[in-house]
Amino acid sequence: MVLVAGATLLSLCMVPQVSLAQAREFPDFADLAERVGPAVVNIRISERGSDGARPVPRRRAPVLQGSDESSRGEGSGFIISGDGYLLTSAHVVEGASEVYVTLTDKREFRARVIGADERSDVAVLKFEAVGLPALRIGDASRLRVGEWVMAIGSPFGLENTVTIGIVSAKQRDTGAEVPFIQADVAVNPGNAGGPLINIRGEAVGINSQILSPAGTSVGISLAIPIDEAMRIADQLRANGRVVRGYIGLLPADAPRDAADEHGKGRAKGALVRQIVPAGPAEKVGIQPGDLVLAVNGKSIECAMDLRRYVSTLRPGSTATAQVSRRGKLLEFKPILTELNAPQSASPDRQESEGSVASVAAKTWGFTVANLADVDRIASRASGVRVATVTAGAEAAGLRQGDVILAVGSTDVADLKQFEASIAKLDRTRPLPITVLRGAWAQFVRLPVVR
């Protein structure tokens with residue numbers, strides 16, 4: 001009994017020592033918040049105009065009577081360099097006519113948007129100041145599920161609110177441009193654009209979305225991994241926009257029976273559902289029904305893998321695609337083009353005062369451009385895209401993005417045919433056109449606007 005009692009006494013004495021050791025390993029969030037908090041800012045915007053997974057919305061505040069601003073919104077951001085560059089979510093500054101940032105010391109600065117990328121939901125802002133506190137950039141790939149993280153932001157306009165939680169999952173695929181970090185840290189409207197911070201005080205993500213039936217936190221928040229965000233930010237700072245590679249095919253996830261058909265143990269890869277005519281994939285011989293297994297040695301697990309990886313490659317570069325065609329392994333080397341490249345007029349199509357395109361714009365109030373290959377496939381039609389619309393043409397029913405299928409009774413497949421049709425018309429009379437909008441075609445008669 002003595003030995004038992006002694007052993008029991010010894011074990012009881014050891015319990016507090018273990019608990020104290022564990023307590024010493026628990027992060028000191030107070031010191032962490034004090035250290036990194038000054039680098040987090042509140043973002044306030046003024047905007048003009050109209051207003052599952054969803055973006056963390058901006059907080060809306062009442063508009064003062066007599067103001068010509070339709071709405072105000074608030075979000076968060078964090079400083080990444082001492083000279084006033086900061087990161088936030090693109091949807092925080094979408095439609096903003098003015099942007100203001102407020103520091104923890106209550107100083108307020110007017111900021112300008114250097115660039116915003118809707119696909120990744122990343123934006124870079126700049127305000128004029130020096131000697132600012134900046135967050136260190138961490139490595140999102142080192143995050144572990146179960147690791148402590150902290151969010152700082154302005155939920156519902158409550159600046160510098162600190163919440164903590166753990167990493168719930170990594171590489172969470174919601175069909176967005178980037179695979180998210182999932183956390184159970186409380187994120188609410190106004191937190192959007194703020195940092196997700198590890199216990200070392202490093203930014204590992206940008207809080208971007210929440211999964212919630214009510215639009216407020218239910219314990220599932222999604223953050224853009226900081227390595228993806230910085231890659232986008234570097235391009236925005238350098239060029240004002242993001243340049244992405246394009247392979248010229250429409251992929252789908254591999255069906256379950258692809259494992260047997262292509263001789264694989266399990267269904268993986270990106271199934272080529274459709275090929276863009278005259279695109280990079282078609283030029284090298286990739287065909288519908290092929291299964292893309294790898295690009296440049298990187299394994300492709302699904303359609304989104306292919307889209308994401310190819311988009312990171314430089315247009316004009318040669319990609320090496322490993323493809324399975326009915327069980328036979330093939331290799332193709334497409335030269336990538338640019339995804340959604342900006343349309344610029346070639347020298348022989350510069351719009352002079354008397355050109356056909358210029359006359360059409362001045363006479364009927366709209367301009368057009370050739371359809372991109374991907375848009376041509378999506379609409380399953382040939383035609384020209386309406387690029388700009390004046391108030392007169394819009395009132396008659398024309399919208400930017402509409403596809404013009406015909407002028408009068410003459411089909412138009414491209415800009416050249418459109419201009420040829422316009423050149424034959426009486427410019428003192430309304431312009432009859434057939435327009436495709438979504439899945440619906442309609443007849444529109446545009447009045448002369450001059």
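**Ground rules.** I am working with a predicted model, so to speak of local features I need pLDDT of at least 70, side-chain atom pairs count only at pLDDT 80 or more, and totals for chains, interfaces and linings use all residues. Residues are numbered from 1 along each chain as its sequence is written, and side-chain values use heavy atoms, with hydrogens and water left out.

**Overview.** I found 11 helices and 29 strands; helices (H or I, at least four residues) and strands (E, at least two) are DSSP runs, numbered from the N terminus. The protein exposes about 22700 Å², and carbon and sulfur atoms supply 52% of that area (Shrake-Rupley method, 1.4 Å probe).

**Core.** I then turned to the largest nonpolar core, which has 42 residues. Such a core is a set of buried Ala, Val, Leu, Ile, Met, Phe, Trp, Tyr and Cys residues joined through side-chain atoms within 4.5 Å. Phe-78, Leu-87 and Ile-226 have the most contacts inside this core. Its largest share, 6 residues, comes from helix 4.

**Helix 4.** I checked the length of helix 4 (residues 226-239): its 14 residues should span 20 Å at 1.5 Å a residue, and the end C-alpha atoms are 20 Å apart, which agrees. The expected span is 1.5 Å times one less than the number of residues. Its buried residues are Ile-226, Ala-229, Met-230, Ile-232, Ala-233, Gln-235 and Leu-236. Just after the helix, Gly-240 has a positive phi of about 80 degrees.

**Helix 7.** I noted that helix 7 (residues 303-311) is largely enclosed by the rest of the structure, because 8 of its 9 residues are buried. Asp-305 and Arg-308 are among them. The buried residues pack against strands 16, 17, 18, 19 and 20 (contact means heavy atoms within 4.5 Å).

**Gly-269.** This residue sits in the loop between helix 5 (258-261) and strand 18. I read its relative accessible area as 0%, so Gly-269 is buried.

Conventions: Buried means under 20% relative accessible area, exposed over 50%, partly exposed in between (1.4 Å probe, protein chains only).
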